[in-house]
Amino acid sequence: MELTYTKVGDYLVPDLMMDGEDELEELPLGKYGMLREDFLKEHHSGTYTSMLLTGRLTPHLREIDRQAQEQVDSIVRDLMKNCGVNEELKARDQMAWVQAVNSFTHQAEEMVLAEIVYK
């Protein structure tokens, strides 16, 4: 295997990447993935370090982010349906619609943070 180097100041730094890192690097990590990363760093540093060193951290964070976002979207959709918050309300009273959707989003995020991110 041949290594390539990049000159940084007076030093040559090897261009190293973990397998699959180049594909994942394109997508930024979302809100819930970043919260999960902070949680692991602060409360489970051994797990965080182990996952980081074995290359499992980034896929884990992306999966948590995906699951959490899907769950929040699903809960908000269900709450809107159950409470009658629809396009008709949006056309009639935009502020009430925004209030309701923000409230549902906050409720959904509280549940998801407790069940997925901080578990």
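Modeller: In this predicted model, the buried residues of helix 4 are Leu57, Leu61, Arg62, Ile64, Asp65, Ala68, Val72, Ile75, Val76, Leu79 and Met80. As background to such spacing, an α-helix has 3.6 residues a turn, so residues three or four places apart point the same way. Helix 4 runs over residues 57–83, and its 27 residues reach 39 Å from the first C-alpha to the last, close to the 39 Å expected at 1.5 Å a residue. Just after this helix, Gly84 adopts a positive phi of about 75 degrees.

Met80 belongs to the largest nonpolar core, which has 18 residues; together with Val85 and Phe104, Met80 touches the most other members. Two or more residues of this core come from each of helix 4 and helix 6 (94–117), and helix 6 gives the most, with 8 residues. Leaving aside residues up to four places away in sequence, Met80 is in contact with Val85, Trp97, Val101 and Phe104. Another core, of 6 residues, lies apart from the largest one and includes Leu40, Met51, Leu57 and Leu61.

Leu61 is also touched by Arg36, a residue of helix 2 (residues 31–43). Beyond residues up to four places away in sequence, the contacts of Arg36 are His60, Leu61, Ile64, Ile116, Val117, Tyr118 and Lys119. Arg36 is buried yet forms no salt bridge, and Glu37, the nearest side chain of opposite charge, is 10 Å away.

Note on methods:
Residues are numbered from 1 along each chain as its sequence is written. This is a predicted model: local features need pLDDT of at least 70, side-chain atom pairs count only at pLDDT 80 or more; totals for chains, interfaces and linings use all residues. Side-chain values use heavy atoms; hydrogens and water are left out. Helices (H or I, at least four residues) and strands (E, at least two) are DSSP runs, numbered from the N terminus. The expected span of a helix is 1.5 Å times one less than its number of residues. Buried means under 20% relative accessible area, exposed over 50%, partly exposed in between (1.4 Å probe, protein chains only). A nonpolar core is a set of buried Ala, Val, Leu, Ile, Met, Phe, Trp, Tyr and Cys residues joined through side-chain atoms within 4.5 Å. Contact means heavy atoms within 4.5 Å. Lys and Arg count as positive and Asp and Glu as negative; His and the chain ends are not counted. A salt bridge is a side-chain nitrogen of Lys or Arg within 4 Å of a carboxyl oxygen of Asp or Glu.
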